[in-house]
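Hi everyone, thanks for coming. Let's look at one structure together and take it a piece at a time.

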Amino acid sequence: MAVSFYYTIVDSDGDPSTVEIFFNDSTAFAVLNAGITAVAGLINPMVTGGLRTAGIRFEVDLSGSWGPVAQLIADVQEKAEFSMRTVGGFLSRLNLPTFDESFFVPGTAQVDLSDDDVAAFVDFLEDGITVGGGLLAPTDYREDGIILVEKATENWGKRRNAR
Amino acid sequence: MPDRMTEQQLADYAEASLPPAGTPILYKDWASGLRESEHPEALSYYRHLKKQGKVKATLTTDDDGKIVHTIERV
């Protein structure tokens, strides 16, 4: 079974949505332990929600760098969907909730892939990040390596906690 | 007013703005330079260059845990 990071993001109403990113389960724990903070640093600039919890099947306190208080504009329904292709040719999708609208190309539903923060995140998805002395490379839930982010677009989603 | 360029010219312009192979540059510095150039629209061809294997990206963290995102001409 693939190892995953999870980040539970909340909007200004306290509604949560969880981001999960999978890795090969042979990845060294030291790399995973250093990597979860690094990957939070890639996601945080692009979203307006607060971080409730994060972990590798256990919680990690990242409140020093990403606190639990969401910006007033945060909304878990406002998502950006990153569509990715894996080594095996499978399509994989990753949604970031409370996505900051300033990262969309004006007048479109397309995420600006040239933006500094977005480009760093996309390159991380495709090439991984070196932390803790090792390479942390995302996969899909089959542990199939991601080789290309095909597109990233606006995706209005549903609240899990209906009101 | 800069001359209107074709897509290939813009891709070539972006590629030409990269330092020589073996000289990594922070993505944000390279992007900032292009945004301030005569053809800021060339920045959107970064991913085109990457798909063609003309540029590679490296992500690491510094001693403070901050993300370091560099690119390098291949």
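**Where two chains meet**

Let's begin with the contact: 15 residues of chain B touch 20 residues of chain A. Do keep in mind that what you see is a predicted model. Putting these two chains together buries about 1300 Å², and carbon and sulfur atoms give 55% of that area. Which residues of chain B lose the most area to chain A? They are B:Arg47, B:Leu59 and B:Ile67, and together they account for 43% of what that side buries.

Now for the charges. The interface of chain B and chain A has 5 salt bridges. Have a look at B:Lys50 and A:Glu126, whose side chains form a salt bridge at 2.4 Å, N to O. On the chain B side, the elements that give two or more residues to this contact are α2 (27-35), α3 (46-51), β2 (55-61) and β3 (67-73). Sorted by class, that side has 7 nonpolar, 3 polar and 5 charged residues. We also count 11 residue pairs in polar contact between the two chains, both residues at pLDDT 80 or more.

Let's turn to chain A itself. Here you can find an open sheet of 3 strands, in the order β5-β4-β9, with antiparallel pairing. Finally, helix α2 of chain A, residues 116-127, lies across β4, β5 and β9, running at about 135° to β9.

Definitions and conventions
Residues numbered from 1 in each chain as written. Chains lettered and ligands numbered in written order. Predicted model: local features only at pLDDT ≥ 70, side-chain atom pairs only at ≥ 80, totals over all residues. Heavy atoms only, no water. Pairing = 2+ DSSP bridges. Helix = DSSP H or I, 4+ residues; strand = E, 2+ residues; numbered from the N terminus. Contact = heavy atoms within 4.5 Å. Axes fitted to C-alpha atoms, helices over the stretch in contact; angles between N-to-C directions. Buried area = accessible area lost by both parts, 1.4 Å probe. Salt bridge = Lys/Arg side-chain N within 4 Å of Asp/Glu carboxyl O. Polar contact = N/O pair within 3.5 Å; in protein donor to acceptor, adjacent residues only side chain to side chain. Nonpolar A, V, L, I, M, F, W, Y, C, P; charged D, E, K, R; others polar.
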